[in-house]
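Here is a friendly briefing to read with the model open beside you. Take your time and find each residue as it comes up.

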Amino acid sequence: MKSNGVKNIVVMISGNGSNLQKILDAQQAGYIRGKVCGVISNKKAAYGLVRAEQAGIPTFVFERENFNSNADMDKAIVNQIEALNADLIVLAGYMKVLTTAFTQRFDGKILNIHPSLLPKYAGLNTHARAMAAGEREHGMSIHFVNEQVDGGAIVLQAKVPIYPDDQIDDVIERVYEQEHRCYPLVIQWFCDDRLCLNQGKAYLDNQLLPPQGYAVEE
């Protein structure tokens, strides 16, 4: 049971954990009515684990090489998440595709952040692909997770410009700024019971969000 309605949050990472840090900062500032109760990584060298430890957050590592199958690995992660009594699972740079059994077990309780304006550029190398295609805008999407990679209901999108003389690092930095600003906001919505998934569609304040989610301009 949660006290005072505070929701337990598990964050899953694979790398640096910059979005994790922004979530922890927002929690510390009282901006998010939730508590990060554990950080899970599929990479033991992920710097995000150091961030979590510095914040006093329990960390757990599950590496594929230690399991017979993806299904066995995800089952072990499910057991850990359930032991932590998590209300919300936040994917923050978790670079491993989750099994269908995992996503269905926590349907409506998993959020992901993706560096493109979905449905454009699902998958990897989104910035380079957008630039190679001559796009003049790019951005990021926060969405609920289902069994389709980067295919769940979109909650919020934020656009950034791509200028003709941009290098890829310029675009990456712009997208990061929007990620760091928007992810804590969406997590706050969920923790305040304003955001939910119903029959595969995202609702904010009991209003159906459009297919591209709540739009935030640069």
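Helices (H or I, at least four residues) and strands (E, at least two) are DSSP runs, numbered from the N terminus. Just after helix 1, G30 has a positive phi of about 80°. This is a predicted model, in which local features need pLDDT of at least 70 and side-chain atom pairs count only at pLDDT 80 or more, while totals for chains, interfaces and linings use all residues. Residues are numbered from 1 along each chain as its sequence is written, and side-chain values use heavy atoms, with hydrogens and water left out.

**Two domains**

- The chain is split into domain 1 (1-106) and domain 2 (114-140 + 155-217), with bounds that come from an automatic or database domain assignment.
- Taken over C-alpha atoms, the centres of domain 1 and domain 2 are 21 Å apart.
- Domain 1 brings 17 residues to the contact and domain 2 brings 13 residues, where contact means heavy atoms within 4.5 Å.
- Between them, domain 1 and domain 2 bury about 1,300 Å², with 67% of it on carbon and sulfur atoms. Buried area is the accessible area (1.4 Å probe) that two parts lose on being put together, summed over both.
- Which three residues supply 38% of the area that domain 1 buries against domain 2? They are K7, N19 and Y31, and they supply more than any other three residues.

**What joins the domains**

- There is one salt bridge between domain 1 and domain 2. A salt bridge is a side-chain nitrogen of Lys or Arg within 4 Å of a carboxyl oxygen of Asp or Glu.
- The side chains of K7 and D193 form a salt bridge, at 2.7 Å from N to O.
- Five residue pairs are in polar contact between domain 1 and domain 2, both residues being at pLDDT 80 or more. A polar contact is a pair of N or O atoms within 3.5 Å; within protein, one must be able to donate a hydrogen and the other to accept it, and residues adjacent in sequence count only if both atoms are side-chain atoms.
- On the side of domain 1 that touches domain 2, strand 1 (7-13), helix 1 (18-28) and strand 4 (88-91) each supply at least two residues. Helix 1 gives the most, with five residues.

**Inside helix 1**

- S18, N19, L20, I23, L24 and A26 of helix 1 are buried. Buried means under 20% relative accessible area, exposed over 50%, and partly exposed in between (1.4 Å probe, protein chains only).
- The cover over these buried residues of helix 1 includes strand 1, strand 2 (34-41), helix 2 (47-54), strand 4, strand 5 and helix 6.

**Salt bridges**

- By the salt-bridge rule, the count comes to six.
- The bridge between D193 and K7 spans 2.7 Å, N to O. D193 lies in the loop between helix 6 and strand 8 (195-198) and K7 in strand 1, so this pair ties together parts that are 186 residues apart in sequence.
- Is D193 buried or exposed? D193 counts as exposed, at 59% relative accessibility, whereas K7 counts as buried, at 13%.
- E135 forms a salt bridge with K120, and their closest N and O atoms are 3.1 Å apart. E135 sits in the loop between helix 5 and strand 6 (137-144) and K120 in the loop between strand 5 (110-114) and helix 5, so the pair ties together parts that are 15 residues apart in sequence.
- E135 is buried at 16% relative accessibility, while K120 is partly exposed at 43%.
- K159 and E137 also meet through their side chains in a salt bridge (3.7 Å, N to O). K159 is in strand 7 (residues 154-161) and E137 in strand 6, 22 residues apart.

**An aromatic pair**

- Rings of Phe, Tyr and Trp (its six-membered ring) pair if their centres lie within 6.5 Å; planes under 30 degrees apart count as stacked, over 60 as edge-to-face and the rest as tilted. By this rule there are three aromatic pairs.
- One of them is W189 with Y214, which is edge-to-face, at 5.4 Å centre to centre and 75° between the planes.
- W189 lies in helix 6 (residues 168-191) and Y214 in strand 11 (residues 214-216), so the pair ties together parts that are 25 residues apart in sequence.
- W189 is buried, with a relative accessible area of 5%, and Y214 is partly exposed, with 40%.
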